[in-house]
Amino acid sequence: MRPAHLLLAVLVAAVWGVNFAVIEIGLGHFPPLLFSALRFLVAALPAVFLVGRPKVAWKWIVAVGLVLGVAKFGLLFVGMDAGMPAGLSSLVLQIQSVFTAGIAFAFLGERPTPVRLLGMAVALAGIGVAAADEGASGPLGAFALVIAAAACWGASNVLTRKASPPDALNFMVWVSTVPVLPLLALSLLTEGPSRDLAALRALDWQGAGTVVYVAWVATVFGFGTWGWLLHRHPASTVAPFSLLVPVFGMTSAAVFLNEPVSGLRWCAAALLVGGVTLTSVTPPAKPTTPQNQTNKTPLTQPTQGRGPMDDAPLR
């Protein structure tokens, strides 16, 4: 990877890591579901008029939009609003790789290798340590909501793999159109129209800035740049840079939000990042079938049906 491309990959990881601190700030201005709806509304408009028509079937756009946009981000924002720290959220969400591997095994027949199984066990141990740390200092209910968000993220990764979008930015922009109305409806039902209107009337530059950051910087720029890198380099080269996200997430939360980082949390971070590394950089074992035995595919040849979003983390 060229030095300029390497710097871009690190920049995207930094953007996504800082995004958690920005979300925390934004939750001081908006109810969580309304904030999530605004994120996708601003990400979709006006970009949807600039990226061209969708390049995958609508069933995949709707499915990923509901699972990723409504479920994953809805649960994440509600969990953080309920007290889950930004830095810890950026770390715990990395357990999505374990959920992705498990769901891919159940529905795609991708058998995990022994190394991947070891990585999943190490990552789960990290979650246990993080839960023990959070149980001593914060609400476990909020922790559980972020774990549920990671499970939904894993499901959306598998759906994205099935969709195999040829253009990451086009796909993400169109996916962003789906969650807006469901999230607004849920916000009106659970957070109330009076609270939503009060937040919109009190909108200031800081609140508007958080929406712009999570929509245009973290979503449009982040995914556009990540997809551009995946078009030019193997996914196994680009994907490990996502392991820097919790590093930037925990650091930015400590710097901008004064979040303390305990010894247990650093231990959880080491276990999670180590486990996710083993899970992410080790390819799944191919099912043993007559077709696989007679038609060998060279390791350097891209697998048919894989797109640029297959190994892209969704923030």
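Q: Helices (H or I, at least four residues) and strands (E, at least two) are DSSP runs, numbered from the N terminus; how many helices and strands does the chain have?

A: The chain has 15 helices and 0 strands. This is a predicted model, in which local features need pLDDT of at least 70, side-chain atom pairs count only at pLDDT 80 or more, and totals for chains, interfaces and linings use all residues. Residues are numbered from 1 along each chain as its sequence is written, and side-chain values use heavy atoms, with hydrogens and water left out.

Q: What is the mean pLDDT of the chain, and which helix has the lowest mean value?

A: pLDDT is the predictor's confidence in each residue, on a scale from 0 to 100. The mean for the chain is 84, and 86% of its residues reach 70 or more. Among the elements of the chain, helix H9 (residues 180-190) has the highest mean, 97, while helix H15 (residues 290-294) has the lowest, 46. Over residues 288-312 pLDDT stays under 50, although the model has 35 contacts beyond four places in sequence for this stretch. Where pLDDT is low, the predicted coordinates should not be read in detail.

Q: How much of the chain is buried, and which residues touch the most other members of the largest nonpolar core?

A: A residue is called buried under 20% relative accessible area, exposed over 50%, and partly exposed in between (1.4 Å probe, protein chains only). By that rule, buried residues make up 49% of the 315 residues in the chain. A nonpolar core is a set of buried Ala, Val, Leu, Ile, Met, Phe, Trp, Tyr and Cys residues joined through side-chain atoms within 4.5 Å. The largest one here has 76 residues, and those touching the most other members are Trp-16, Phe-35, Leu-76, Val-92, Leu-93, Ile-95 and Phe-143. Helix H3 (residues 58-81) gives the most to this core, with 9 residues.

Q: What does Phe-35 contact, leaving aside its neighbours within four places in sequence?

A: Contact means heavy atoms within 4.5 Å. Phe-35 is in contact with residues including Ile-23, Leu-27 and Phe-30, and also with Thr-210, Val-211 and Val-214. Across the whole chain, residues 24 or more positions apart account for 90% of the contacts with a separation of 6 or more.

Q: Where is Ala-215 found, and is it buried or exposed?

A: Ala-215 is found in helix H11 (residues 205-232), and it counts as buried because its relative accessibility is 0%. Ala-215 and Val-42 are 173 residues apart in sequence, yet their C-alpha atoms are 5.8 Å apart in space. Not counting residues up to four places away in sequence, Ala-215 touches Arg-39, Val-42, Ala-43 and Val-220.

Q: Is Ser-36 buried or exposed, and which residues does it touch?

A: Ser-36 has its place in helix H2, and at 0% relative accessibility it counts as buried. Beyond four places in sequence, the residues that Ser-36 touches are Gly-69, Phe-73, Gly-74, Phe-77 and Leu-183.

Q: Which residues form a salt bridge?

A: A salt bridge is a side-chain nitrogen of Lys or Arg within 4 Å of a carboxyl oxygen of Asp or Glu. By this rule the count comes to 1. Lys-55 pairs with Asp-167, and their closest N and O atoms are 3.3 Å apart. The pair links distant parts of the chain, 112 residues apart, since Lys-55 lies in the loop between H2 and H3 and Asp-167 in the loop between helix H7 (140-163) and helix H8 (168-177). Lys-55 is partly exposed, with a relative accessible area of 49%, and Asp-167 is also partly exposed, at 24%.

Q: Which residues joined by a peptide bond have it in the cis form, and which residue has a positive phi of about 60° although it is not a glycine?

A: The cis peptide bond joins Leu-45 and Pro-46, with omega about 5°, and Pro-46 is found in the loop between H2 and H3. Asn-258 has the positive phi of about 60°; this residue is found in the loop between helix H13 (245-256) and helix H14 (263-281), and it is exposed, with a relative accessible area of 63%. Ser-164, which is not a glycine either, has a positive phi of about 50° and is found in the loop between H7 and H8.
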